Structures are given as structure tokens and as C-alpha cells.
Amino acid sequence: MSKQQKVVDSSAIYNAKEIGKGKVVLLGLQHTFAMFGATVLVPLLTGLSVSTTLLMAGIGTLLFHAITKRKVPAFLGSSFAFLGGYAAVAPLINGTEPNLEMLPYASGGVFVAGLVYVVFAAFIKLFGAKKVMRYFPPVVTGPIIISIGLILAPSAISNCQQNWILALTALAIIIICNIWGKGMVKIIPIMLGIIGAYIVALIMGEVDFSAVTSSDILALPISSSSFAKFEISSIITIVPIALATMMEHIGDISAIGATTGKNYIANPGLHRTLIGDGLATSLSALFGGPANTTYGENTGVLALTKVYDPLVMEIAAVFAIVLSFFPVVSDIIRSIPAAILGGVSLILYGMISAIGIRNVVENHIDFSVSRNLIIAAVILVSALGINEIGGISFTVLNTTITLSGIAIAAIAGILLNAILPGNDYVFDTEEEHDELTFKL
């Protein structure tokens, strides 16, 4: 069935004016906290600039919102899918030092990869989302969404293991505030969880301020030496990754739509979200930042707070831009112990998977039908299993390409859905659904 079950959620907020300007700013700051850890991790792993990364995440998010007519509550942060491409083109020197000579060429490949999104968006605009989305029914997108959360789960537990007291403190505060909190306390449980656990960390002596004392207070986030350069081998290495990330994009947009109860693939249109994501990626790469992607962490925050106004994401984007000019502020935020972020991620990543489950349930996917069972099984095992072994690598024109577990799972699910008989899915062209209930 293509129709989602419609369940009105009277607590959902689609217009931030309902909660006041001051509270909206706090909500935006909360989304900044949610994206920060993963966003800065990519430049740390690749050698790119943290400040440039924050700047381009903010600008990319605002660009995405402008292209999507400010209808999709999404934040665009650093994409992990391109790590293999950076490692192939610009591997860290001695495993720690940035490869400043080759990083611009990797950025050139990412720039071209972003333009692939635009080409795919034109294809969708030409043939219509209804025909294209026939290959992305809930039996495919649901398990992909579930897999996204489950793949992220080990990183949450790994961080929690560094200090379970801090992790459980953050988790407990979030749950208590969300379930029993009133007013604003119920809306910003993640921020309160981070602040509360951070205070406990200070008392326990678990906060390292060494990086903060050595940071510049103010600095330009862009360097001309980091601008993208173009080389055919780097482009060939990185561009194919876009095929996988576009599948992830569809899953992410489906997850956001399942959270808010709105059909963003129909309105403002999948072609617009793809263009927004692709141009944000190309713009970021042009100035030496990483590829951008819609962030599951922030989707989890949406599900928890039930405030769906895109304005809160735009405020988070402004915070990211401002932070990019103040390395000392970024370092203070980075001083938050990983265990606290693990406690927060534990619930946010779980919510992503729960959203995928809800997507399957509300669309009445019948798993007594063999084709549905096979498609879901292959997606789940491929995503988790292949991710566990670090992806699948193959060589094309003397260039090694690595596809992630999610990419392989998405491709396998799409192919099985297209090949196996019984695909009677019809994409819902209604612009939006009624609000959907989602509880912890």
C-alpha cells in the first residue's frame, strides 16, 4: 500500500512562532549540538579544516533551504560516505598529518560528485517522481532507514564505554525531560542532557581544556590554499560514490518525511532536495570543505522535540557559520567528553531505526509475502554485514572504489524490487500527510 496511516499528533509544532523567538534560538542551538560531533569528525579524519567545515555546513544548509522553498527541516553536515575517496586520493601522511598537496584534488572530485546530484535531479524532473519512486517503495526505504540507525549504533556505544556514568547521566536527563518535562524543558531535552552531564563531567575532572587554551579566538575559516583542484584520476575515484550517497539521500528525506508526516518527495520535490544537497556539496568542496549530507542526528532531534519548523535548522546553520570564525568556541564544544555525546547518540540513533520501523508498519508492508521478506532481509544483512567489513572495494580503470554497506544495501534493494514480481507500489503524489504520532 502506498498510503501512510494518518494519525494526528496534536503536540507537533510546524510554526516556530508558537513557541516564541527566545525558545526557537535555543532549539537551533540544540540542533547545533546534535550535528557538531559528527560534522567535525570528518575533517579530523581527512585533514580538512574544521573551521571551513563548519562554515560550509552552515552555508550549505541555508542554500538547501532556499532551493527547497524552506519546507524541509534538514541540516546538512559532513558526509562520511566520501571518507574512502579522501583516503584514496589524499591519505594522511604517517596516519596523522593532513596531505595538503592532494586534498585540493580530492575536493575537486567531490565538487564534480555534487554536480551528479543535479544531473539525477534533472532526470527526475523530466520523468516525474512518481515513475522514479516506483523503485523506492517503503519495503526498500524502510529497511534502509532502519539500517542507517543500526550502523551508527556501535559508534554511540563505543563513546559510551569511555565513561558510562556520563553517558547514562545524559541519557537519563534526556528521557526525564522529554517524558515528564513541561514547557520548554520538554522541547530542549538534548541540550539539557548535554549541559547536565557536562556539569557532572566537570565535577569528575573528565573535561580536557588543553586544546582551548592554545586556540586563536578569531580566525578566517577559509584558506586559498585549500580551494579545489581538478584531476581526472581523482574525479574518477570519487564521483561513483555519488551514486551511493544519492540513495542515502532518498532514505534520509524519507526519514524526515516519516518523522514530520509530510511528503517532501512530492513537495517541494525530490529534484529540489537533490539539487540542494548536490550544490551544497559542490560549494563546500570548492572552498576546501567536505561533502555535505542531510543529518540523521538532527532527524532524531525532530522526532524527540516534535518541533518541525525549518527555521530551527536555519538558526542552527547560522550558529555553525558564527562558530567557524571562533576556533576557541569550537574547541570548547569539542571539550564535551565523547561519553556524553555517546549517551545522546544512543537515543538519537535508535530513533532513526525506529522511524524506519514506523515507515514499514504504517505502510502495511506484508512480510508474509516472500518478495517483501527477501528484499528487507537482503537490505538489512547487506547494510550491517558489509559495513562491518569496511565496505566492498573494486577496481575500475586502475582506480579502487569502495562502496559502503548502506550503498550496497540500497542498490541491492532497488534491484530486487525492480526484478522480483509483485511490485504494485504506487507513489503517493499528495503533497503532505496529516501529522504522525511518534513517542519514545
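Predicted model: local features only at pLDDT ≥ 70, side-chain atom pairs only at ≥ 80, totals over all residues.
**View 1. Met 133 in the loop between helix H5 and helix H6.** Met 133 is found in the loop that runs between helix H5 (129–132) and H6, where helices are DSSP runs of H or I with at least four residues, numbered from the N terminus. With a relative accessible area of 2%, Met 133 is buried (under 20% relative accessible area counts as buried, over 50% as exposed and anything in between as partly exposed, with a 1.4 Å probe and protein chains only). Residues are numbered from 1 along each chain as its sequence is written, and side-chain values use heavy atoms, with hydrogens and water left out.

**View 2. Packing of helix H6 against helix H17.** Helix H6 (residues 138–160) and H17 pack at an angle of about 165 degrees, with their axes 7 Å apart; the axes are lines fitted to C-alpha atoms, for helices over the stretch in contact, and angles run from 0 to 180 degrees between N-to-C directions. The two helices H6 and H17 are therefore roughly antiparallel to each other, a term that applies to angles over 145 degrees. The contact of H6 with H17 comprises 19 nonpolar, eleven polar and no charged residues (Ala, Val, Leu, Ile, Met, Phe, Trp, Tyr, Cys and Pro count as nonpolar, Asp, Glu, Lys and Arg as charged, and the others, Gly among them, as polar).

**View 3. Leu 150 within helix H6.** Leu 150 lies in helix H6 and is partly exposed, with a relative accessible area of 37%. Leaving aside residues up to four places away in sequence, Leu 150 touches Ser 353 and Leu 384, contact meaning heavy atoms within 4.5 Å. From C-alpha to C-alpha, Leu 150 and Met 351 are 9.9 Å apart in space, and they are 201 residues apart in sequence.

**View 4. Packing of helix H9 against helix H17.** Helix H9 (residues 189–204) and helix H17 (residues 338–362) pack at an angle of about 155 degrees, and their axes are 9 Å apart. That angle makes H9 roughly antiparallel to H17, and the crossing of H9 and H17 is right-handed. On the side of H9 the contact is made by Ile 190, Ile 194, Ala 197, Tyr 198 and Ala 201, and on the side of H17 by Ile 340, Val 344 and Leu 348. By class, this contact of H9 with H17 has eight nonpolar, no polar and no charged residues.

**View 5. His 31 in helix H1.** His 31 is found in helix H1 (residues 21–46) and is buried, with a relative accessible area of 1%. Not counting residues up to four places away in sequence, His 31 touches Asn 298, Val 301, Leu 302, Val 312, Met 313 and Ala 316.

**View 6. Ser 224 in the loop between helix H10 and helix H11.** Ser 224 has its place in the loop between helix H10 (210–213) and helix H11 (232–238), and at 60% relative accessibility Ser 224 counts as exposed. The C-alpha atoms of Ser 224 and Gly 288 are separated by 8.6 Å, the two residues being 64 residues apart along the chain.

Key: Parallel < 35°, antiparallel > 145°, perpendicular 65-115°, else oblique. Left-handed = near helix turned anticlockwise from the far one by under 90°.
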